[in-house]
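Have the structure open as you read.

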Amino acid sequence: MKEKYQIDTGENRAFLQRMGEELLKFGQRFPSPGGSAWYLGDDGTPWTDRSRETWITSRMAHVYSIGTLLGYEGSEKLADAALRGLRGELKDKENGGWYAGLTPEGAILPDKQCYAHAFVILAATSALLAGRPGAEELLEEALEVYDKRFWQEDWGLACDTWNTEFTVLDDYRGINANMHTVEAFLAVADAAGREEYRDRAGRIIAHVITWARENEWRIPEHYTKDWQPDLERNKEKPDDPFKPYGATPGHGIEWARLITQWACSVFGKDTEKAQPYLDAAENLFQRAVNDAWNADGAPGIVYTTDWDGNPCVHDRMHWTLAEAINTSAVLYRVTGKRWYSDVYAEFMKYLDEKVLDPVNGSWFHQLDRNNQVIGTVWPGKSDLYHALQATLIPYRRVERSIACAIWEENERKMR
């Protein structure tokens, strides 16, 4: 295996740094005149015939706030553009919160999404650390809306979707929005010192571990309004981009990293208290990799499996690989087990050989079971969030959100 793929080699560090810089260059054309993010095409050209969505805009605000912390030239302007979109045309000044997005003609996309609001919080925390104007106000408003509309204190979980006016709550409950809520809440605790949000993240995590354990470490994605798993939902539409049928191995992998981050941030070196959570993280990661990695005779991680671990949708999504890179590195740091560094190297090799676009830049967002580029679920290259984080997380402190980890590095250098 080339040293370029192996963790803790100079070659691997250089490979990730170069890739991160190329990603930040690739995404520079995302801002629309009002600041909301265009969906990016295969070569980074904005697809102006697609809606400008709040979750993508928030991700780009997060990405270029990190770019600012990294000292990448031009990042401040790009972060500020996305923040302008979040504080301007994407914000519902009548009903509160943020629209799902805007159509190409400027009409409002219906509904208020927990998923999108979690990303607004994440964007605000990163922008706060990057010193961007208006970030503190954005964070306070986003938390106020989230606490009022989405957080369900009695359950210790977040609901999913309201209508635009916040008058009708959909009965659907989903774990994907709760996963990004955990990510956002940990960032709030790290960036703003609001430890009550770290506590909330722990409550969500406790539910997820219980549900995963009851399903052989395959996490149910969909639930009824009283939080009963709905294991057969969307069986007729198995490749839905946000609500696919069955288990989503990429989410099992992503949860494993977030659980590890939470446990390390709460318990520190108290390994006895952290161990049950680290064990759960290892079980989630190993189940996902065993089910989905190289599961059908070709390299790659399949998108979904059934409840016995058999592949359902064989397509490979770029975000799943990004999370696999992150989590294998994090679990290697925490456990020291060689298997994690070995599988990290395998993921890096696959990234280099199949997923990086050597012509237009960035990562191919969707490949079929033969690793040919397709766009049935994720055409083009919508944003940089997963890919950029995969160039950064492997070499940062596991107990910190990524923007905070970089901010702390900068503070240490200035002393």
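Both Trp293 and Tyr350 are buried, where buried means under 20% relative accessible area, exposed over 50% and partly exposed in between (1.4 Å probe, protein chains only). Their ring centres are 5.7 Å apart with the planes at 85°, so this pair is edge-to-face. Rings of Phe, Tyr and Trp (its six-membered ring) pair if their centres lie within 6.5 Å; planes under 30 degrees apart count as stacked, over 60 as edge-to-face and the rest as tilted. Trp293 sits in the loop between helix 9 (271-292) and strand 11 (304-305), and Tyr350 in helix 11 (residues 338-355), so the pair ties together parts 57 residues apart in sequence. Helices (H or I, at least four residues) and strands (E, at least two) are DSSP runs, numbered from the N terminus.

A word on the model: it is predicted, so local features need pLDDT of at least 70 and side-chain atom pairs count only at pLDDT 80 or more, while totals for chains, interfaces and linings use all residues. Residues are numbered from 1 along each chain as its sequence is written, and side-chain values use heavy atoms, leaving out hydrogens and water. The protein chain averages a pLDDT (the predictor's confidence in each residue, from 0 to 100) of 98, and 100% of the residues score at least 70.

Back to the rings. The whole structure holds 26 aromatic pairs. One of them joins Tyr39 and Trp47, which are stacked at 5.7 Å centre to centre with 10° between the planes. Tyr39 is buried at 2% relative accessibility, whereas Trp47 is partly exposed at 25%. Elsewhere, Tyr146, Phe150, Trp151, Trp162, Phe166, Phe185 and Tyr197 form one aromatic cluster.

Two lysines lie over ring faces, as the table shows. A charge sits over a ring if NZ of Lys or CZ of Arg is within 6 Å of the ring centre and within 35 degrees of the ring normal.

| Lysine | Ring | Distance from ring centre |
|---|---|---|
| Lys4 | Phe15 | 4.7 Å |
| Lys243 | Tyr172 | 4.0 Å |

Finally, the aspartate. Asp383 is found in the loop between strand 14 (366-367) and helix 12 (385-390), and is buried, with a relative accessible area of 3%. Its side chain makes a polar contact of 3.3 Å with that of Arg59; such a contact is a pair of N or O atoms within 3.5 Å, and within protein one must be able to donate a hydrogen and the other to accept it, with residues adjacent in sequence counting only if both atoms are side-chain atoms. Not counting residues up to four places away in sequence, Asp383 touches Trp55, Ile56, Arg59, Met60 and His365, contact meaning heavy atoms within 4.5 Å.
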